Amino acid sequence: MSYDTKILKPTPVNIMEAANWLQKGEVIGFPTETVYGLAANALSVEAVRKIFQAKERPEDNPLIIHISNIHMLSQIISVVPPLAYKLAQKFWPGPFTMILPKKDAVPSITSGGLSTVGVRFPAHETAISIIEAAGFPLAAPSANLSGAPSPTTASHVWQDMNGKIPVIIDGGPCKIGLESTVVSVIDDVIHVLRPGAISVEDLCNITDHVEMDTSILNPIHSDAAVSSPGMKYRHYSPKAKIIIVESDLEKFSAFMRQFDNKKNVWAMVFDSDTVDFPCPYLTYGSQPKDQARALFGCLRKLDDLGAETAYVRSPEKGGVGLAVYNRLLRAAGFEVIHL
Ligand code: TXA
Ligand code: MG
């Protein structure tokens with residue numbers, strides 16, 4: 001089915017229209033505080049199948065279920081350990097996803113065939129209104145084509161989903177810009193599967209038992225058993241080849257000068273950098289929070305500008321900086337140069 005995809009403002013009438021499409025088993029694009037999502041009824045096999053088709057996503061990569069109040073948890077989750085309750089109290093609504101044992105009501109297609117499922121209560125008024133109006137939890141991966149950078153504006157969603165879905169609700173640019181922190185909670189240990197705006201440091205304030213999955217900073221072979229199936233797929237990649245450069249500004253500038261003003265070689269630097277090389281460049285913020293907000297837009301822009309290669313100044317790795325670095329590593333296929 002092909003649609004004349006509409007981008008609509010989040011007015012009450014348009015939110016009702018989005019909810020109507022969802023109730024008819026269709027897929028819509030919607031804003032959250034992290035990135036835009038591609039939503040459908042999490043409890044309907046047919047509706048969820050349409051998400052996988054629109055994204056061209058492998059069916060063993062599970063989706064996150066979005067709820068609009070804590071009571072909805074009991075519809076989809078069989079056991080909530082005490083530590084998970086504590087985390088929900090502290091970080092929900094917010095950019096935080098917990099992997100928990102699913103109830104039978106959640107079809108296997110939603111959980112990628114696993115007995116657990118990711119749940120998130122987003123901190124976004126429009127997202128919450130849409131879930132409430134639909135009347136059921138929404139399965140929603142990021143609204144990009146599989147492998148592409150996640151969308152942080154409605155027009156990014158349109159680039160990837162035009163003709164494939166009826167409606168995108170436009171909530172403006174996403175406040176955070178990177179996907180939620182994903183954790184599993186087993187035996188009083190928080191296992192971080194994907195870093196996000198709720199940082200490892202934030203989690204360490206709750207308990208001493210926080211572990212980071214090795215896939216956060218290391219490549220995973222596609223046939224390896226992994227705790228988070230999403231980690232094994234190529235991710236966040238623009239068409240341009242991305243290479244991370246670990247160095248100070250002076251060495252970075254000297255390195256970039258070898259390319260003279262070759263027009264298809266780009267640099268990605270910090271806003272605060274004084275640029276002293278002839279290549280074209282983009283800036284992606286200076287502080288980790290600004291970098292998080294800017295990163296995916298910059299990766300998409302490199303493609304719009306026809307960049308073939310981009311050398312990226314490596315970010316700080318503390319707080320949300322770890323999430324920025326994790327997404328960059330994946331965009332770069334783990335290629336890092338140390339100068
Ligand atoms: O911020 C976000 O989380 C956004 C917005 C739309 O809410 N959603 C998002 O979904 O990023 P997605 O599908 O692009 O990423 C979900 C990640 C994947 O890496 C997936 O493998 C992991 O969560 N995941 C989901 N369910 C899981 C499970 N049962 N066990 C392990 N990992 C799981
Ligand atoms: Mg995604």
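## The pair S13 and S15

In this predicted model, alanine 267 has tyrosine 311 in S15 as its bridge partner. Strand S13 (residues 265-269) and strand S15 (residues 309-313) run parallel and are joined by four bridges. Strands (E, at least two residues) and helices (H or I, at least four) are DSSP runs numbered from the N terminus, and two strands pair if DSSP finds at least two bridges between them.

## The five-stranded sheet

S13 and S15 belong to an open sheet of five strands with parallel pairing, in the order S14-S13-S15-S12-S16. Strand S14 (281-283) and strand S16 (336-338) are at the edges; each has a single partner strand, so one side of each is without a neighbour in the sheet. From one strand to the next, the twist averages 25 degrees (0 to 180 degrees between N-to-C directions, on lines fitted to C-alpha atoms, for helices over the stretch in contact).

Helix H10 (residues 321-331) packs on this sheet and touches strand S12 (241-246), S15 and S16 (contact: heavy atoms within 4.5 Å). The direction of H10 makes about 130 degrees with that of S12.

## Strand S5 and its partners

Strand S5 (residues 96-101) pairs with strand S9 (residues 181-186) in the parallel sense, over four bridges. Here threonine 97 stands opposite valine 182 of S9.

S5 also runs antiparallel to strand S6 (residues 116-120), joined by five bridges. Leucine 100 has valine 117 in S6 as its bridge partner.

## Basis

Residues are numbered from 1 along each chain as its sequence is written, with chains lettered from A and ligands numbered from 1 in the order written. Local features need pLDDT of at least 70, side-chain atom pairs count only at pLDDT 80 or more, and totals for chains, interfaces and linings use all residues, while side-chain values use heavy atoms, without hydrogens and water.
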